[in-house]
Amino acid sequence: MSWNASQYQSHCSYVWQGGESLVDLLAPEPEEQIVDLGCGTGQLTQQIAERCATVTGLDSDRTMIDQARVNYPSSTFPNLTFQVSDAASFQLPNPVDAIFSNAALHWVQPAESAAQCMAAALKPGGRLVAEFGGEGNVSTILTALQNVSGKANLNPWYFPSLTAYATLLEAVGLKVVFAHLFDRPTPLGEAGLAGWLAMFGKRFLPEISSAEDWAHIVSAVEKQVPQLYQAGEWVADYRRLRIVAVKSQA
């Protein structure tokens, strides 16, 4: 799977803007070592670094990391670095104080592997602060896309329930101290639903090769979900799972 980092940065700012309050929940402190797991093009990584923490942004997609390095060069941001690394297999040379992750963990399977890696990467008493798609996320859009494409079980993501994910974290030694599954309707900006489908849905229909055929798919999906067009803009039916967990001191 490969991303179009420039298109992502231009049309999907709602991804990191929706996660800005998560940085407040992380509450980074000076001298802390923090990892931003699934950092994308680095906007939230840089916000964490602004609070004087030393931050490493990790993402499995090289184009995202390349764009993040252009956005925030080490010469200007000496406490901020970016590396290509997979959330399901990453290892750190030294454990860190915190792992932050926004809108990334629903892409990672098996989720158990990511949980094990995160637990191993944290110091005793270190914390995980994460938000990603939870049970029911974009269900209206996915149902329409499946109806239009004629494909069943099109959902490629991991959208767990609160209980399922808390249980998974507890099994690897991360004690959940806060968990919230909530609806967060998300305006999709100027690119609208067409832009969202192009960025996040097109890869699951590789047989649709022509622009004309893809435009037909987009139009058909839009006609199935008129309830998502609100006050002159498209709004995705996001449902997010926000988690804070702490690694056991033992």
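Reply: Rings of Phe, Tyr and Trp (its six-membered ring) are paired if their centres lie within 6.5 Å, and their planes give the class, with under 30 degrees apart counted as stacked, over 60 as edge-to-face and the rest as tilted. Ring pairs of this kind link Trp107, Trp157, Phe159, Trp196 and Phe200 into a cluster. This is a predicted model, in which local features need pLDDT of at least 70 and side-chain atom pairs count only at pLDDT 80 or more, while totals for chains, interfaces and linings use all residues. Residues are numbered from 1 along each chain as its sequence is written, and side-chain values use heavy atoms, with hydrogens and water left out.

Me: Why are Thr41 and Gly40 called buried?

Reply: Thr41 has a relative accessible area of 0% and Gly40 has 5%, so each value passes under the cut-off and both residues are buried. Thr41 is found in the loop between strand S1 and helix H4, and Gly40 is placed in the loop between S1 and H4 too. With neighbours within four places in sequence left aside, Thr41 is in contact (heavy atoms within 4.5 Å) with residues including Tyr8, Trp16, Met64, Ala68 and Tyr72, while Gly40 touches Asp59, Met64, Ile65 and Ala68. The C-alpha atoms of Gly40 and Val15, which are 25 residues apart along the chain, are separated by 9.6 Å.

Me: What makes a group of residues a nonpolar core, and which residues have the most contacts inside the largest one?

Reply: Such a core is a set of buried Ala, Val, Leu, Ile, Met, Phe, Trp, Tyr and Cys residues joined through side-chain atoms within 4.5 Å. The largest has 54 residues, and Trp196, Leu197 and Phe200 have the most contacts inside it. Helix H9 (residues 192-201) gives the largest share of this core, five residues. Beyond four places in sequence, the contacts of Trp196 include Tyr14, Val138, Ile141, Trp157 and Tyr238. Apart from this core lies another, of 32 residues, among them Leu105, Ala166, Leu168 and Val176. In soluble globular proteins, nonpolar side chains tend to be buried together.

Me: How do you know what separates a cavity from a pocket?

Reply: On a 1 Å grid over the protein atoms alone, a cavity is a set of points where a 1.4 Å probe fits but cannot get out, and a pocket is an open set with protein on both sides within 12 Å along at least five of seven lines, lining residues having an atom within 4 Å of a point. The structure holds one cavity of 30 Å³ or more, and it is lined by Leu105, Val108, Ala111, Ala114, Tyr158 and Tyr165. The largest pocket contains about 670 Å³ of space, where volume is the space filled by probe spheres set on grid points joined across faces, edges and corners. This pocket is lined by 41 residues, of which Trp3, Asp59, Ala103, Ala104 and Trp107 lie nearest its centre.

Me: Why does the lining of the largest cavity have no polar and no charged residues?

Reply: Ala, Val, Leu, Ile, Met, Phe, Trp, Tyr, Cys and Pro count as nonpolar, Asp, Glu, Lys and Arg as charged, and the others, Gly among them, as polar. The cavity lining consists of Leu, Val, Ala and Tyr residues, so its six residues are nonpolar. The lining of the largest pocket, by contrast, has 24 nonpolar, eleven polar and six charged residues.

Notes
Buried means under 20% relative accessible area, exposed over 50%, partly exposed in between (1.4 Å probe, protein chains only). Helices (H or I, at least four residues) and strands (E, at least two) are DSSP runs, numbered from the N terminus.
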